[in-house]
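Me: I'd like to learn how to read the packing in a structure like this one. Could you walk me through it?

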Amino acid sequence: AAGGGGGSRCDYFDGLWSEGHEGSQALMRDSQLGFYEGSWSQQKQREGFGRNVYPNGDWYEGFWHANQPHGTGIKCWESSREIHHGEFVKGKCEGTGTRYYPDGTTYNGGWHNDQKKGVGVVSMSKAPSSAVSSLDPEAAHKAAAAAA
């Protein structure tokens, strides 16, 4: 299989091809980085809009730059069952974003280097968030749109 990402061996690559090289759209599977579908650069990196499901079950959907989440996106952590909708810089939560917790609590506010920073609002709910409890990308998008 051709291609790669982040220096690891790509197990499967399919997409648009240009002059014998991977083109602007890709569908790839990599044993270390997981499954990716989206925009692809000539440098064999995630670039533009795409979705990655990591081997541990985490996923990110949004904008990429130089193989890292960068720009607006949604990230879900399988182990903590948390979802973050907001801005990312070099793979980390940065700027403004909303974090949804499995107990129904949300935090909407500032982020820096994956940590809450600056002004923010915590909202408590007695019911768990359906977006978090299912880890469903569509439910996450709906919850993020409703919160905006």
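This is a predicted model: local features need pLDDT of at least 70, side-chain atom pairs count only at pLDDT 80 or more; totals for chains, interfaces and linings use all residues.

Me: Let's start inside. Which residues touch the most other members of the largest nonpolar core?

Reply: The general idea is that nonpolar side chains in soluble globular proteins tend to be buried together. Here the largest nonpolar core has 13 residues, and Met28, Tyr36, Trp40, Cys93 and Trp111 touch the most other members. At least two residues of this core come from each of strands S3 (21-30), S4 (34-40), S6 (59-65) and S10 (106-112). Another core, of five residues, lies apart from it; Trp59, Cys76, Ile83 and Tyr100 are among them.

Me: How many aromatic pairs does a search of the whole structure find?

Reply: Six. With any pair, look at the distance between ring centres and then at the angle between planes. Take Tyr36 and Trp64: their centres are 5.6 Å apart and their planes sit at 85 degrees, so this pair is edge-to-face, as planes over 60 degrees apart count that way.

Me: Which parts does that pair tie together?

Reply: Tyr36 lies in strand S4 and Trp64 in strand S6, so the pair links parts 28 residues apart in sequence. As for burial, the cut-off is under 20% relative accessible area. Tyr36 is buried at 0%, and Trp64 is buried at 4%.

Me: What other ring pairs with Trp64?

Reply: Tyr60 does, again edge-to-face, with 5.1 Å centre to centre and 90 degrees between the planes. Both Tyr60 and Trp64 are buried. Zoom out and you get one aromatic cluster, formed by Tyr36, Trp40, Tyr60, Trp64 and Phe88.

Me: And where do charges sit over rings? Which residue lies over the face of Trp64?

Reply: That's Arg46, at 5.6 Å from the ring centre. Have a look at Trp59 too, where Arg51 lies over the face at 4.9 Å from the ring centre.

Methods:
Residues are numbered from 1 along each chain as its sequence is written. Side-chain values use heavy atoms; hydrogens and water are left out. A nonpolar core is a set of buried Ala, Val, Leu, Ile, Met, Phe, Trp, Tyr and Cys residues joined through side-chain atoms within 4.5 Å. Buried means under 20% relative accessible area, exposed over 50%, partly exposed in between (1.4 Å probe, protein chains only). Helices (H or I, at least four residues) and strands (E, at least two) are DSSP runs, numbered from the N terminus. Rings of Phe, Tyr and Trp (its six-membered ring) pair if their centres lie within 6.5 Å; planes under 30 degrees apart count as stacked, over 60 as edge-to-face and the rest as tilted. A charge sits over a ring if NZ of Lys or CZ of Arg is within 6 Å of the ring centre and within 35 degrees of the ring normal.
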